[in-house]
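Please look at the structure below. The report that follows describes how some of its parts are arranged.

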Amino acid sequence: MDSKTPGLYIHIPFCLSKCPYCDFYSSTSISAMPDFLDALFREMEMYRHRFNPFDSVYIGGGTPSLLSPEQLEEILINVRKNFHLISNTEITLEINPADLNHSFLESIRGIGINRINIGVQSFNEKTLGFLGRRHSVRQAVLAIEDAREAGFNNMGIDLIYGVPNQDMASWLETLKQAITFAPEHLSCYQLTLESNTPLGRRCQAGEFSVPREERQYEFFMKTSQFLEDAGYIHYEVSNFARGMEHCSRHNQKYWDHSPYLGLGPSAHSFQSNQRWWNHRSLDQYLATIKAGDFPIQGKETLTMEQLQLEALYLGLRTRNGICLQDFKSRYDSDLLSGKKKILEKLEEEGFISIRDGRLYPTPFGLAIADSLSLI
Ligand code: SF4
């Protein structure tokens, strides 16, 4: 099952303020950073050499760009002390445009970070305001320009669409502005409002509404078409790359059942047929590690049937789809005979196509990939 190279994810659970749409785990108690880093290094020791070697390290959050270059360097020193990284490991740092300056960017390049992902979300001031982001359009533009100047030639930009009151013209303006910087990677996420977030509660109270399904579909298709016309490959539901070599090496591990180790509060890990996840609360994470235990909150062992379904669902989220022969040898299941009727129906209805020994989602299928998982 695990012939693929694993990836390492590190969750930095701190943000200066909480964006009102965000459901990720993060704390605003920045003063706990030193304790967190000590715990993180102990967690690395607990997994010492268990996943070797990694070919991707992704430092996400939260807001990892709140760390100083020295703290980030300490993290990478500890990673290298406990794990083996192959020579061209992709090392990504998620960045908030509000935290950047030229010397920060130069320093982090100097310590081996070779890919950055900037959380721009929008080039429209009103949309940024609605999302409660703590950066302006100007800061986002400066961050991107500074990153290029500092020599980052592998850069991703995250954007959000489907924001209440956002019209298609303003979203396309944001996309237009994004591609003027020729980022190697773009992630375009549809805004989802969980009911436990401040914006989710305001939406439930009827203050505003999110675009309906047909409208979201229109946003999705326009985005795909616009970016493909601009030379980007729409390689996963929300992800676009300027050439296959720029697809996020790390994120692909989540879609093709590669093993990954997640460290830090709320981080998930996967190996063989095992999945486990850490305590979401920083306090619990710190206390468990202090007691000398793994900070694991829960785990599950997946049956072959569950693995097959997951692989089908994840594969249909990617433009490359599923190689039927690989699927058979990896999951001991012949998809064409096992799911014959439903696959024929999906093909007839234009959601998937089966050719050259592969199962592909059509652009329409990609747009409704979440529902395809129900097959
Ligand atoms: S900065 Fe990112 S992780 Fe932090 S609250 Fe905002 S969206 Fe969530």
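Helices H1 and H2 cross in a right-handed sense, meaning that the near helix is turned clockwise from the far one by less than a right angle. This is a predicted model, in which local features need pLDDT of at least 70 and side-chain atom pairs count only at pLDDT 80 or more, while totals for chains, interfaces and linings use all residues. Residues are numbered from 1 along each chain as its sequence is written, and side-chain values use heavy atoms, with hydrogens and water left out.

The axes of H1 (residues 33–46) and H2 (residues 69–82) come within 9 Å and cross at roughly 15°. H1 is therefore roughly parallel to H2 (angles under 35 degrees count as such).

An open sheet of 3 strands has the order E13-E15-E14, with antiparallel pairing; two strands pair if DSSP finds at least two bridges between them.

| Strand | Residues |
|---|---|
| E13 | 322–323 |
| E14 | 352–355 |
| E15 | 358–361 |

E13 and E14 are the edge strands, each pairing on one side only. Helix H14 (residues 340–348) packs on the sheet and touches E14 and E15. The direction of H14 makes about 110° with that of E14. E14 and E15 are joined by 4 bridges, and Arg-355 stands opposite Arg-358 in E15.

The residues around the ligand (a heavy atom within 4 Å) include Cys-15, Lys-18, Tyr-21 and Arg-133. This shell divides into 4 nonpolar, 3 polar and 2 charged residues.

How values were computed. Helices (H or I, at least four residues) and strands (E, at least two) are DSSP runs, numbered from the N terminus. Contact means heavy atoms within 4.5 Å. Axes are lines fitted to C-alpha atoms, for helices over the stretch in contact, and angles run from 0 to 180 degrees between N-to-C directions. Ala, Val, Leu, Ile, Met, Phe, Trp, Tyr, Cys and Pro count as nonpolar, Asp, Glu, Lys and Arg as charged, and the others, Gly among them, as polar. Angles under 35 degrees count as roughly parallel, over 145 as roughly antiparallel, 65 to 115 as roughly perpendicular and the rest as oblique.
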